[in-house]
Amino acid sequence: MLQILLLTLLITTKSLVITPSGWSISQTCITVERATNVPDEDSLGGGVSDTYTVVEMTDYLPATPVQSSKKTATVDNNSNPTWNSKFCWPVWAKSVKFQMFDDDFLTAHDDLGTVTYILPTDFSKKHALNVKFTRKQILYFSVEWTATSPNPTHSPTFKPSNSPSPKPTTQTPTATPTKVTLHPTYSPVTVTTVKPSSTASTTPKTPTLTHLNISR
């Protein structure tokens with residue numbers, strides 16, 4: 001039961017959210033950059049829309065009252081508007097909804113489409129993204145977080161070091177004393193071979209018998 005709670009719930013504080021992966025998030029920022037191929041809905045403006053986009057956090061924590069939706073400025077008479085509008089919320093946003101409108105002065109604003117995007121969960125970097133509407137226009141945006149990693153060397157502003165990695169330290173094993181048995185040293189012996197004389201008789205000698213008188 002505890003494992004299920006850890007996977008489905010978040011530890012929240014007043015201004016901080018701890019994700020299941022251990023990241024501490026205090027802010028989510030969306031930058032609405034530009035759009036292309038916006039449909040032409042403004043008949044009074046020559047058929048080119050006066051476009052703006054509404055950004056809304058649709059799934060976020062902590063679930064405290066915040067201004068969940070924010071709006072870009074209107075770009076008049078442009079099918080490829082550029083905004084570069086950055087909006088931040090003091091929450092961890094898991095998904096965001098974009099609504100695009102044609103701004104009309106005298107009548108209701110024309111709805112150019114709505115799309116919801118599930119945000120990535122890699123909080124270590126800024127993500128450049130885009131989403132396509134049903135009416136074929138494409139919205140380009142980016143997302144980034146103010147976050148702290150559970151690993152101190154891994155944060156949104158972390159850059160890999162250019163210095164070479166330290167060489168691993170190899171521990172020299174301690175030599176075990178070896179028992180040595182010493183053997184006596186022998187000096188070399190010189191052997192001299194004596195040849196028999198050529199005048200020596202080769203006839204074997206007859207052994208001499210000795211008589212012993214044994215008295216009883």
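The tour goes from strands to core, then to loops, backbone and charged pairs.

**Before you start**

This is a predicted model, in which local features need pLDDT of at least 70, side-chain atom pairs count only at pLDDT 80 or more, and totals for chains, interfaces and linings use all residues. Residues are numbered from 1 along each chain as its sequence is written, and side-chain values use heavy atoms, with hydrogens and water left out.

**Stop 1: the strands around β10**

Select residues 24-36 and 138-148. These are strands β3 and β10; they run antiparallel and are joined by eleven bridges. Strands here are DSSP runs (E, at least two residues), numbered from the N terminus. Two strands pair if DSSP finds at least two bridges between them.

Follow the chain through the hairpin of β9 and β10. Five residues sit between the strands, and K136 takes a positive phi near 80°.

**Stop 2: the core**

Which residues touch the most other members of the largest nonpolar core? Select I30, V32, V55, M57, F98 and L139; the core has 32 residues. A nonpolar core is a set of buried Ala, Val, Leu, Ile, Met, Phe, Trp, Tyr and Cys residues joined through side-chain atoms within 4.5 Å. At least two residues of this core come from each of β3, β4, β6 (82-89), β7 (92-102), β8, β9 and β10.

Center on V32. Leaving out residues up to four places away in sequence, V32 touches T53, V55, T72, W83, N84, S85, F87, F98, L139, Y140 and F141. Contact means heavy atoms within 4.5 Å.

**Stop 3: two serines in loops**

Go to S49, in the loop between β3 and β4 (51-61). Is S49 buried or exposed? S49 is buried, with a relative accessible area of 1%. The cut-offs are under 20% for buried, over 50% for exposed and partly exposed in between, using a 1.4 Å probe and protein chains only. Show the side chain: one of its polar atoms lies 2.5 Å from the backbone oxygen of P39. The C-alpha atoms of S49 and N77 are separated by 5.4 Å, yet the two residues are 28 residues apart along the chain.

Next, S124. It lies in the loop between β8 (110-118) and β9. S124 counts as buried, at 15% relative accessibility. Its side chain makes a polar contact of 2.6 Å with the side chain of D122. A polar contact is a pair of N or O atoms within 3.5 Å; within protein, one must be able to donate a hydrogen and the other to accept it, and residues adjacent in sequence count only if both atoms are side-chain atoms.

**Stop 4**

Most residues other than glycine have a negative phi, and most peptide bonds are trans. Select L61 and P62: the peptide bond between them is cis, with omega near -5°. P62 sits in the loop between β4 and β5 (69-71).

Then N37, in the loop between β3 and β4. Its phi is positive, near 60°. Finish with N84 in strand β6, where phi is near 55°. N84 is exposed, with a relative accessible area of 53%.

**Stop 5: charged pairs**

How many salt bridges are there? The count is four, a salt bridge being a side-chain nitrogen of Lys or Arg within 4 Å of a carboxyl oxygen of Asp or Glu.

Select E41 and R135. Their closest N and O atoms are 2.4 Å apart. E41 lies in the loop between β3 and β4 and R135 in the loop between β9 and β10, so this pair ties together parts that are 94 residues apart in sequence. E41 is partly exposed at 29%, and R135 is partly exposed at 37%.

Move to D59 and K94, a salt bridge of 3.9 Å, N to O. D59 is in strand β4 and K94 in strand β7, so the pair ties together parts 35 residues apart in sequence.

Last, K86 and E144, which meet at 3.3 Å, N to O. K86 is partly exposed at 48%, as is E144 at 23%.

Terms used:
Helix = DSSP H or I, 4+ residues; strand = E, 2+ residues; numbered from the N terminus.
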